[in-house]
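Let's take a look at the pockets of this protein. Here is the structure to keep beside you as you read.

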Amino acid sequence: MEAAVRKARVKFMLGFCMRNKRLQCKKRGNWCGPAPLGQMVMGRAQLTCWYPADRHSWRQDVRTSHGGSLIDMGTHCLDLLEWIMGTRIREVCGFQDLMTHKYRTRIEDASTLAVRF
């Protein structure tokens with residue numbers, strides 16, 4: 001992606017707005033970032049949102065969104081896991097499908113991933 005942006009001479013930004021939220025440590029009742037949590041061996045993130053079919057929604061047209069639920073919102077979960085775990089994702093496996101809605105183009109409304117850090 002970086003190479004394509006450089007070659008096209010366009011500006012690019014990832015809008016990971018959730019990264020700037022603060023975490024509240026349940027045991028201590030104070031605010032903390034990823035470092036005080038110790039060695040992380042497993043993380044889980046879930047984002048559930050209902051987008052019923054809407055012919056005016058750009059999210060539901062693969063020609064404008066270029067991806068469904070994973071690209072639109074799931075990337076926020078992955079970004080938060082990387083931030084909390086303090087490391088980058090190294091390997092990904094998963095599946096996605098159009099399971100519930102009848103969007104005007106074939107685009108997934110459900111994604112499930114397992115990642116290795």
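## The second largest pocket

The second largest pocket holds about 670 Å³ of space. A pocket here is an open set of points on a 1 Å grid over the protein atoms alone, where a 1.4 Å probe fits and protein lies on both sides within 12 Å along at least five of seven lines. Its volume is the space filled by probe spheres set on the points, which are joined across faces, edges and corners.

Helices are DSSP runs of H or I with at least four residues, strands are E runs of at least two, and both are numbered from the N terminus.

## The model behind it

This is a predicted model, in which local features need pLDDT of at least 70 and side-chain atom pairs count only at pLDDT 80 or more, while totals for chains, interfaces and linings use all residues. Residues are numbered from 1 along each chain as its sequence is written, and side-chain values use heavy atoms, with hydrogens and water left out.

## The largest pocket

The largest pocket has a volume of about 900 Å³. Its lining has 38 residues, and nearest the centre lie Ala 45, Leu 47, Gly 74, Ser 111 and Thr 112. Helix 3 (69-85) and strand 4 (110-116) are the elements that give two or more residues here. Helix 3 again supplies the largest share, this time nine residues.

How values were computed:
1 Å grid on protein atoms, 1.4 Å probe; cavity = no way out; pocket = protein on both sides within 12 Å on 5 of 7 lines; lining within 4 Å.
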